[in-house]
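This briefing walks through a protein model, topic by topic, for a reader who has the sequence and coordinates at hand.

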Amino acid sequence: MSARRRPLVAGNWKMNGLRACARELAAIIAGAGELSAVELMVCPPATLIAEFAGFAGGTPVAIGAQDCHPEPAGAFTGDISAEMLRDAGATAVIVGHSERRTFHKETDADVRAKALAARRASLLAIVCVGETRAEREGGSALEVVRSQLDGSLPDGSTADTVVVAYEPVWAIGTGLTPTTNDIAEIHGFIRQRLASRFGSTMGTMRILYGGSVKPSNAKELMSVADVDGALVGGASLNAQEFLAVAGVYR
Ligand code: PEP
């Protein structure tokens with residue numbers, strides 16, 4: 001972790017959370033004061049963004065969204081634009097999560113369009129990439145990540161507009177994690193690709209690791225070179241666990 005990059009720990013609540021879960025947010029906000037070295041973000045379901053953003057306003061905890069539509073407005077029943085998320089109080093949006101790529105058949109071009117929409121609406125785009133188990137076992141993890149990065153990141157991406165999240169699909173929600181050597185290899189590779197495409201300023205773009213991060217493994221995972229924080233799923237639903245993950249940066 002370079003001194004130029006402030007770590008980010010973002011919680012992806014996925015399709016979990018009712019209004020009563022504001023108490024978890026309240027507990028995260030209460031614990032955030034002791035964690036000034038790390039940026040904290042909670043990405044609840046869209047139904048909670050406005051309420052949570054109101055609650056978290058003026059605190060160190062940012063509120064993000066989990067997806068957006070590429071268009072600013074129009075006849076897209078059930079979809080939500082980046083502008084709407086911004087209007088509701090979000091400051092970031094996850095795009096290209098493997099669950100969106102798998103269940104909604106999102107392509108790299110779709111993800112790129114969503115990242116561009118995020119930029120248009122002044123939202124930070126957290127762009128997810130990562131290989132499946134078959135791809136890792138077949139030896140193509142680097143090639144898959146290279147292709148997703150090239151296809152999903154818009155031209156002109158900067159450290160202020162994009163965060164990359166490396167999330168091996170087989171590690172999400174399974175309790176499995178890659179070895180620290182494997183994470184170091186992929187994160188170093190991503191850093192190189194960013195530099196060759198966007199220039200040396202890409203040394204400041206953050207690369208998160210995601211996939212079964214929890215309090216018991218966070219220290220080890222977050223100490224790997226070029227890991228600038230975490231995208232946390234299951235463990236982010238519990239304030240104490242989420243704070244314990246972020247607490248490795250204390
Ligand atoms: C995720 O869905 O982004 C994720 C990393 O989930 P988990 O932490 O539960 O593996």
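**Surroundings of Arg206**

In this predicted model, Arg206 is in contact with Arg5, Arg6, Pro7, Leu8, Glu39, Leu124, Val163, Val164 and Asp228, when its neighbours within four places in sequence are left aside.

- Arg206 belongs to the loop that runs between helix H8 (180–198) and strand S7 (207–210).
- With a relative accessibility of 11%, Arg206 counts as buried, because buried means under 20%.
- A polar atom of the Arg206 side chain lies 2.9 Å from the backbone oxygen of Arg6.

**The barrel**

- Eight strands close into a barrel with parallel pairing, in the order S1-S2-S3-S4-S5-S6-S7-S8, and the twist from one strand to the next averages 25°.
- Strand S4 (residues 92–95) and strand S5 (residues 124–129) run parallel and are joined by four bridges, with Val93 standing opposite Ala125 in S5.

**Helices on the sheet**

- Helix H1 lies across S2 and strand S3 (61–65), and runs at about 140° to S3.
- Helix H7 (residues 141–152) packs on the sheet, where it touches S5 and strand S6 (162–166), and its direction makes about 150° with that of S5.

**Helix H10**

- In helix H10 (residues 239–246), the buried residues are Ala239, Phe242, Leu243, Val245 and Ala246; seen down the axis of H10, they fall within an arc of 155°, so they line one face of the helix.
- The elements covering these buried residues include strand S1 (8–12), helix H1 (22–32), strand S2 (39–43), helix H9 (215–222) and strand S8 (229–232).
- At the start of H10, a side-chain oxygen of Asn238 comes to within 2.9 Å of the backbone nitrogen of Gln240.

Methods. Residues numbered from 1 in each chain as written. Predicted model: local features only at pLDDT ≥ 70, side-chain atom pairs only at ≥ 80, totals over all residues. Heavy atoms only, no water. Helix = DSSP H or I, 4+ residues; strand = E, 2+ residues; numbered from the N terminus. Buried < 20%, exposed > 50% of the residue type's maximum accessible area, 1.4 Å probe, protein only. Polar contact = N/O pair within 3.5 Å; in protein donor to acceptor, adjacent residues only side chain to side chain. Contact = heavy atoms within 4.5 Å. Arc of directions from axis to C-beta. Pairing = 2+ DSSP bridges. Axes fitted to C-alpha atoms, helices over the stretch in contact; angles between N-to-C directions.
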